[in-house]
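Biologist: Could you show me how to read helix packing and aromatic pairs in a model, taking one feature at a time?

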Amino acid sequence: MTRLVNDCFSNASEMITVQEARKLIADATIPITTTEIIELYDANNRILAQDIYSTLNVPPANNSAVDGYAFCFADHLKNPATPLDVLGRSAAGQPFDGNLNSGQCVKIFTGAVVPAGCDTIAMIEDTRLSGNTVLLPQGLKEGTNCRLAGEDIRKDSLLLTKGTYLRPQELGYLASIGIKEIQVSKKLKVALFSTGDELNEPGEALQSGKIYDSNRVILNSLLLGYGCEVYDYGIVPDEFETLRSVLEKAAEDVDLIITSGGVSMGDEDHVKAAVEDTGNLHFWRIAIKPGRPLAVGQVANTAFVGLPGNPVAALVCAMQFVRPLIASLCGDTSFQLPIPITGTAQFSMKKKPGRREWSRGRYSIDRAGKPIVEKYFTDGSGIVSSLIWANGLIELAENITEVKEGDPVTILPFTELFR
Ligand code: AMP
Ligand code: MG
């Protein structure tokens, strides 16, 4: 069962910091525990739900890192200038199964098992073949070019722990010990809807006084990228009763409900009241720009986040607060907050102290090869054009009051924020 426990939220009227908000979310989250067994081929971007121990050594046998000749180092050391007889060949998947005597070697190929009695491999380019004998180079070290059994993975070792986010390399790791299917956390089910009487669905004719709903497709794509299964509840009007019944229905279907709009203080902002009526609401003023306010709570046992209506604010809040919440709900232990890049500011600005700000920014490398950061010319949180122009969010810490052109500034790349 997914939910946010109730008893650890702060007073609604207080202004809280980004860290406090994230900590409250993390502390209140109970991860979902439902799992499923899926094929490795379907497991990219999923969360592993079991510890994996290796049942074998990888590689299973000593094998060659190069094409060349395998020989016994100690034997060859006795007469290093004498060519060795080539007794046979060991190719990848077709090992040599004879026995070597003194003065003999075996032709070997990359990935082929090193024959019994051999421990060192001379690269073919460094040898001289004449007839059936081969002259090895001087000065090779014992064990050269021989990849040892178990040097990558040791039998019985703990390979991956429960909660690991699976990337292509983890899947390859699992495949290398012969795993075909694994247990993963079920995808987090997320209900998504937009609120607002002014919203028209793209594809419809735009009515007078209305705008198209752009938040939902932004958030839908973001959530899919975060590995969620999205349940689309469309556009919900600014009506308490309708909101209430959609929330109740969604709470039966999903683990997390995300909405946008209707969480401010206006007459038509009914989302808070509807959540309060069906569950519990923790309404936060977070010391950030853009994005105040954010509503967090639960409807029955389903977690709820009400994002601001302005598209930029909705996206920024989803990246900054919903992303870590999703990681917690999924039990994703690999998740870490995006790591900023530092570059030289190409802009100047003043800023209020005491709040964290994210401005749309663009980082690049200048002619001298140094990272630079530009800022979009205007800050309005309804300006979607700024997100098209940008490739990241400039992050201005609480204590900053001014940025001067030439100062170092940090930017969170979208490549990190969309993961
Ligand atoms: P609200 O928080 O509902 O007061 O909305 C704040 C601003 O965001 C208003 O200008 C809304 O028209 C706008 N807005 C709300 N929801 C959406 C949406 N889904 N797509 C585009 N703009 C929206
Ligand atoms: Mg509204």
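Predicted model: local features only at pLDDT ≥ 70, side-chain atom pairs only at ≥ 80, totals over all residues.

Biologist: Let me begin with α4 and α7: how are their axes placed, and at roughly what angle do they cross?

Modeller: Helix α4 spans residues 215-225 and helix α7 spans residues 311-330, and their axes come within 11 Å of each other while crossing at roughly 25°. Since angles under 35 degrees count as roughly parallel, α4 and α7 are therefore described as roughly parallel to each other, and the crossing is right-handed. On the α4 side the contact is made by Asn215, Ile218, Leu219, Leu222 and Leu223, and on the α7 side by Pro311, Ala314, Leu315, Ala318, Met319, Val322 and Ile326. Sorted by class, the residues in this contact of α4 with α7 are 11 nonpolar, one polar and no charged.

Biologist: Which residues make the contact when α1 is set against α7?

Modeller: The axes of helix α1, residues 18-28, and α7 come within 9 Å and cross at roughly 25°, so α1 and α7 are roughly parallel to each other, and α1 passes α7 in a right-handed crossing. The contact itself is made by Val18, Ala21, Arg22, Ile25 and Ala26 of α1 together with Gln320, Phe321, Pro324, Leu325 and Ser328 of α7. By class, this contact of α1 with α7 has seven nonpolar, two polar and one charged residues.

Biologist: How should I read a pair of aromatic rings, and how many aromatic pairs are there?

Modeller: In general, a pair of aromatic rings is described by the distance of the centres and the angle of the planes. With ring centres required to lie within 6.5 Å, the count here comes to three aromatic pairs. In one of them, the rings of Tyr376 and Phe377 have centres 4.8 Å apart and planes at 45°, so the pair is tilted. In another, the ring centres of Phe414 and Phe418 lie 5.4 Å apart with the planes at 65°, so that pair is edge-to-face.

Biologist: Are Tyr376 and Phe377 buried or exposed?

Modeller: Tyr376 counts as buried at 13% relative accessibility, whereas Phe377, at 71%, counts as exposed. For the other pair, Phe414 is buried with a relative accessible area of 10%, while Phe418 is partly exposed with 39%.

Biologist: Which residues form one aromatic cluster?

Modeller: Tyr376, Phe377 and Trp389 together form one aromatic cluster.

Methods
Residues numbered from 1 in each chain as written. Chains lettered and ligands numbered in written order. Heavy atoms only, no water. Axes fitted to C-alpha atoms, helices over the stretch in contact; angles between N-to-C directions. Helix = DSSP H or I, 4+ residues; strand = E, 2+ residues; numbered from the N terminus. Parallel < 35°, antiparallel > 145°, perpendicular 65-115°, else oblique. Left-handed = near helix turned anticlockwise from the far one by under 90°. Contact = heavy atoms within 4.5 Å. Nonpolar A, V, L, I, M, F, W, Y, C, P; charged D, E, K, R; others polar. Phe/Tyr/Trp six-rings, centres within 6.5 Å; stacked < 30°, edge-to-face > 60°. Buried < 20%, exposed > 50% of the residue type's maximum accessible area, 1.4 Å probe, protein only.
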